[in-house]
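Here is a short briefing to keep beside the viewer. Please have a look at the structure first, and then walk through the notes below.

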Amino acid sequence: ATPTAVMVATGVGANNGVLIKGGDALERAQKIKYVIFDKTGTLTQGKASVTTTKVFTGMDRGEFLKLVASAEASSEHPLAKAIVAYAQHFHFFDDSAPKDAESNNKDSAVSGWLFDVAEFSALPGRGVQCFIDGKQILVGNRKLMTESGINIPDDVEKFVVDLEDSAKTGILVSYDGNLIGVLGVADPLKREAAVVVEGLSKMGVRPVMVTGDNWRTARAVAKEVGIHDVRAEVMPAGKADVIRSFQNDGSTVAMVGDGINDSPALAAADVGMAIGAGTDIAIEAADYVLMRSNLEDVITAIDLSRKTFSRIR
Ligand code: ADP
Ligand code: MG
């Protein structure tokens, strides 16, 4: 392709909301053999919402949600934001929830209604931990509970498994050493996700899903979207290793992601594609930015490269 052809293609991309950082990136996309998709915020809308709360002790639901939201309030994680929003709504709008005098104060709607927490820490790939009233609270996945020596009773395990089999993420809560409840969080697929996965397969490109989420939820989501190759329970640092494992035989690998967690993988990939609505760090690490945050543009990008470079092959 001539420099002019590359310039024209870059312009065509830009007009379609596909920003390409240079001619090399444009050229590499024609050879893509695998597209590795992040799950949350990439294949899914990234709009998590709480669908289920289950308290396994005598604790009142409002009290349970207040505890969990207090622990999650300092976390930036999308799951944490979904939980805090849900608990806040429950606290202020559910008639059965006890209200304090400041309930109508706008500031208190942000955090004033929560318990004070001490020694907060976010545990990447696991959840959060802190102390409320001198007692430890943990909110996160099984790994978090197991590593902290919290027993997961059979009825709780069964409840979590059922959530996961219906593509939801189960979040476990322990307080003072005991498993007290579970929340189910759903994050719907993007409308175009399944069509894009099918389209890539028809182009001879193999779609793969990678996620920090658990295997059951991951398999359920992958099944819905039509992806057969899944890597789950990948720790934040591990996504780049997944990319490298696909590059081992010399294949050209693309990564599509939106999160801070995805940036090492976006950088490691031959072609990194960041979702425009994603974090700045992901956008910086990528070769392509999909400004419309629409997965159809993964196909647009590959097509554009193939068309631009087909004449010299
Ligand atoms: P990804 O962004 O690929 O889903 P993460 O590494 O961010 O992966 O999270 C992996 C898992 O860790 C989540 O699915 C959840 O089970 C747990 N987790 C992480 N942060 C939190 C949090 N703040 N609250 C509850 N669970 C969390
Ligand atoms: Mg993501």
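Two or more residues of the shell around ligand 1 come from each of α3 (39–43), α5 (78–93), β5 (127–132), β6 (135–140) and β7 (169–175); helices (H or I, at least four residues) and strands (E, at least two) are DSSP runs, numbered from the N terminus. This is a predicted model, in which local features need pLDDT of at least 70, side-chain atom pairs count only at pLDDT 80 or more, and totals for chains, interfaces and linings use all residues. Residues are numbered from 1 along each chain as its sequence is written, while chains are lettered from A and ligands numbered from 1 in the order in which they are written.

**Around ligand 1**

- His77, Gly127, Asn141, Gly212 and Asp213 come nearest among the 23 residues around ligand 1, where near means a C-beta atom, placed from the backbone, within 6 Å.
- The shell has seven nonpolar, twelve polar and four charged residues; Ala, Val, Leu, Ile, Met, Phe, Trp, Tyr, Cys and Pro count as nonpolar, Asp, Glu, Lys and Arg as charged, and the others, Gly among them, as polar.
- Ligand 1 lies between domain 1 (3–45 + 190–312) and domain 2 (49–186), because both give residues to its shell; the domain bounds come from an automatic or database domain assignment.

- The C-alpha centres of domain 1 and domain 2 lie 33 Å apart.
- Their contact takes twelve residues from domain 1 and eleven residues from domain 2, with contact meaning C-beta atoms, placed from the backbone, within 7 Å.
- On the side of domain 1 that touches domain 2, α3 and α9 (215–225) each supply at least two residues, and α9 gives the most, with five residues.

**Helix α5**

- The 16 residues of α5 reach 22 Å from first C-alpha to last, close to the 22 Å expected at 1.5 Å a residue, the expected span being 1.5 Å times one less than the number of residues.
- Buried residues of α5 include Leu79, Ile83, Tyr86 and His91; a residue is buried if 20 or more other C-beta atoms, placed from the backbone, lie within 10 Å of its own, exposed if 12 or fewer, and partly exposed in between.
- Among the elements covering these buried residues are β5 and β7.

**Strand β7**

- Seven of the seven residues of β7 are buried.
- β7 runs antiparallel to β6, with four bridges, and antiparallel to β8 (178–186), with seven bridges; strands pair if DSSP finds at least two bridges between them.
- Two residues separate β7 and β8 in a hairpin, and Asp176 in the turn has a positive phi of about 55 degrees.

Definitions and conventions. Contact = placed C-beta atoms within 7 Å.
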